[in-house]
Structures are given as structure tokens and as C-alpha cells.
Amino acid sequence: MKKQKTGTPRKTLSWMTGFLFVLILISCSPEIKTDYQEFYDKSYGKVLFIINGNAETLSAYRPEDMKVYRDLQTVGHNGSSEAWPSDLLSIGNDLFTVCSGQNVIEKYDSRTLDYLGNLYLKNGFNPLLLAPLGSGDHAAVTGFATDEIVIVNLNELSMTSGFLKVYSESSGTITDTNATGDNYQRSPTGIAATDNTLYVSNVRYDASILLTDVNGETIPFGDAFARAAGNFREGTLSVFTLNSGKTSASLVREINLDKLLGDLPGESPYYPGNGLNPQSLFLLEGKLHIVCTGTNGGEARKYTSSEYIPPGSTTNTIVPGTDPDDGVILVMNLNDSENPTLEKVVSIGGSPSGYRFSMDTDRKILYMAGVGGIQSYDYEGEAVLRASSNPILAGSDPSSDYYSHLLYKDDMLYISNYSGNKLNRIQVIGSGKTPEYTRLEDLVIGDGPGAMAFYIR
């Protein structure tokens, strides 16, 4: 019988020797830091935070040394559903994110990005924006899907009011119900507040519905059923009074903005499909400025043989179009804060959207993400500076770039280029209403950059 060998096999000895050698190399090598470790060790005094909508992470940019730190922290800690982050707010040493998909407001430490907890609102609320109320801890939150707002205490992560509807059951000149008898959705978007009044703009869209014949039966079309096209309805403004502690509010009225526009001499009246689409609100120079993106639709056309043609119409029938270049700013007089009146309409074109910190308060300029670039508005003189016809170019491909957020700070425009996954930067040089704009190198910041907030330690 053959005798077996004893001891450690040669291959095992060779592996162990190699492993020990690697350990020695690692122990002698300089420490390899992650982005987070480097960010934490730097103890930066000024940081621009960016929330990435697709990656659902927080990234950071340090203006002093132009350093980018990507994906420092994951957002969305409320279960397995997608977070859909929509807003970012910096207050003191706290950073707050709004996660529309998970219906929560999350809180982080701005210095360490440690997760500090969340406030769950309710299922289906789909929070969109946070608006601080005064200098305290309270803020109003818009619920995009439920036609409501709610007031919260950010310090305690608690709700201080119930869910407040942005409309009353009888809205006067506003079309309340659609063809199926359901209330048209308001979809609260912009929000702004004075010491005692809260303003909320509402986008109203009539989703497409199944068409029926005279007998109430659905109408077959191809492999499906015929549907009516969805329409924009009247854009509205809801006015609330705030109680003395800013812990709750009461609805005063809902104003039909399209009717106010149609009542002005020389302005076109509202018709379904061509609503104002108000998106953002600003309290500037003692007035309320409402930025409306319009419908960004298409030109008038004729029915084609490949689509459903309603009875009485043919391929020669004109289908009304909507203006794709119809952005406007409504200037509202606030002499009666609870009943603002339309004072002026400023046509700026495109589909402009303004953001919480997109104002240059020294030059009195409001910057907006628009079509093909950045649009600007002199809110002191209530006049357009750069319209959709001559925007400030931000990205490398204005024809396809989509800008999801914009922030102005220290003579610099920061733009979230959502489609390019980049942070675009534009340096603002010179004084007055017509400064020079110098586009700087684009920086890769994360997957789907969106809302931004500037933190000063």
C-alpha cells in the first residue's frame, strides 16, 4: 500500500506566501480614500448639493476648487419603491429631500450627510415642493396628485395641519367637472408665502377619456378603443391665509388665471387645450410673479386616416393647435393680499420654469430654464431680457438638452442638465441688466441631476 504524504502542499504554501505579500503591500500603501471620505475630511465651508433623479443619490460640488463628489448618499429610505426625488432644501446644517414616489420628506446632516429620519405624509400625495414659511421651522408642501397642500414642522418632522384642498366645491368661473363627472385635477406646482398669506399655482389637465356612442358604448378603434385627447384646462391660483403660528392655513379663494388673462384688452380668451400652465411663483418687489410655461404643443393640423376621426369630421377638418412658444409671466398686484389682481402680462416665449434660488437679487434678474437655454426677466422693470428667441446658451447641445433645475449664487449660474447628466456653469460678468455670460466647462455630476441647494457651513 502506497504511503500518503504529510505536511502542507506546495500549492497551498505558494498561495499563502502571495497573500502575505499582498497584505504587506497594502499596509505600506497610502490610504485610498472614497469620494465620501475625501468630502468628509475636507470640511468644506461652501457646497452645492445636487439630487440625482435617476440614480436617486446626492452629489456635491465645491466651487472653491471645482471638485465634484458623485453619489455621496442614497436618498429614499422608506421602503423598496422608487424615491422619485423632486426637491432639495438647505436650512442651517440640515438638508431636506422630497421623495415624491415614497411620499416622504427626508432629513440629512449637511456636514456628514448622515440620514436623520423622515416624515411620511400619506399614500398617493406625491409631494412636489417645499416652501419655508417665514424664518421658523414650518414649511408648506404641495401634493401634486391629490389637489392638496400640508404644513409641516421640519425640525420635528411632523405635520402641523391636515391635508388642505386647493379648491372649494364651488369655484365659480372654473370648470369643476369633466365629461365623466370627475373633478379636474389641480396638480399644485408653484408656491410662495408672505407673513400671513400663502399662494399656490395649479396646473389643470383633463386626462384623455374613452369615447362612447349615443348608446353609451365604447367606440372600437383598431385593436383598442377611441379616446379623446387630453386637454389643459384653466390654470388657477389658490389663496390661503396663514394662522399666526404658521402651523395651519385656510383657503380663501381659487382664482381662474386664464379668465383674468382673457379679460385684459387685446389678450386671447381661454379655451380647453390651451391653458396657461402656471408652474412657479415668486414674491418680488412687492408683487406676485407667476411663471407660466404654456402648453408647448403643436400647430393646427388636419385629421389623418390613421387616427380616430369623430363623427361629423373628415380628413379635411382642422384640429386646433396650441402655441409651442407661449410662455408668459403674470404680474399680480397684492394691494389686497387675499385678492390679487392681474396687472401686467409679459410674453417671454418658450416654456420657462423658475426655481427657489434662481434670482440675482443685486441685478434684479430672474433666471429660468427654458427651451434651448436659459431665459431671463427683469423683475424690477417687469420686462424680458433674454427670451426664447435669444436664450443664454448653457449646454453643449441646446437642441436636445433638458434643464431640470437652476440656481444662482455669487455671479454664477448652476444648471442641472438632466439629459446630459452634467452640471452646466455660466459665469455672470458685469453689472446692470445686460451682463456678459461666459459658459464654463461642463462637469459630470450624476445620473439625472435635478434640484440643487447651496450649503454654507
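Figure 1. Two bridges join β10 to β12 (residues 164-165), and the two strands run antiparallel. Strands here are DSSP runs (E, at least two residues), helices are DSSP runs as well (H or I, at least four residues), and both are numbered from the N terminus. Two strands pair if DSSP finds at least two bridges between them. The model is predicted, so local features need pLDDT of at least 70 and side-chain atom pairs count only at pLDDT 80 or more, while totals for chains, interfaces and linings use all residues. Residues are numbered from 1 along each chain as its sequence is written, and side-chain values use heavy atoms, with hydrogens and water left out.

**Figure 2. Strand β10 (residues 148-153) is largely enclosed by the rest of the structure, because six of its six residues are buried.** Buried means under 20% relative accessible area, exposed over 50%, and partly exposed in between (1.4 Å probe, protein chains only). In a regular strand the side chains alternate between the two faces of the sheet. From β10, E148, V150 and V152 point one way, whereas I149, I151 and N153 point the other way.

**Figure 3. Two hairpins involve strand β10.** Strand β9 (residues 138-143) is joined to β10 by six bridges in the antiparallel sense, and H138 has N153 of β10 as its bridge partner. Four residues lie between β9 and β10 in this hairpin, and D147 in the turn has a positive phi of about 60 degrees. β10 also pairs with strand β11 (residues 158-159), again antiparallel, over two bridges. The bridge partner of V152 in β11 is M159. The hairpin of β10 and β11 has four residues between the strands, and L157 in its turn has a positive phi of about 50 degrees.

**Figure 4. I91 lies in strand β4 (residues 85-91).** I91 has a relative accessible area of 31%, so I91 is partly exposed. Leaving aside neighbours within four places in sequence, I91 is in contact (heavy atoms within 4.5 Å) with F96 and L154. I91 and N155 are 64 residues apart in sequence and 9.8 Å apart in space, C-alpha to C-alpha.

**Figure 5. Four strands form an open sheet in the order β13-β14-β19-β20.** The pairing in this sheet is antiparallel. At the edges are β13 (188-193) and β20 (249-256), each of which pairs on one side only. From one strand to the next the twist averages 20 degrees, with axes fitted as lines to C-alpha atoms and angles running from 0 to 180 degrees between N-to-C directions. Strand β19 (residues 236-242) and β20 are joined by seven bridges, and V239 has R253 in β20 as its bridge partner.

**Figure 6. A search of the whole structure finds one cavity of 30 Å³ or more.** On a 1 Å grid over the protein atoms alone, a cavity is a set of points where a 1.4 Å probe fits but cannot get out, and lining residues have an atom within 4 Å of a point. Grid points are joined across faces, edges and corners, and a volume is the space filled by probe spheres set on the points. The largest cavity holds about 50 Å³ of space. The residues that line this cavity are F39, S43, Y44, V47, F49, S110, R111, Y455 and R457.

Definitions and conventions: On a 1 Å grid over the protein atoms alone, a cavity is a set of points where a 1.4 Å probe fits but cannot get out, and a pocket is an open set with protein on both sides within 12 Å along at least five of seven lines; lining residues have an atom within 4 Å of a point.
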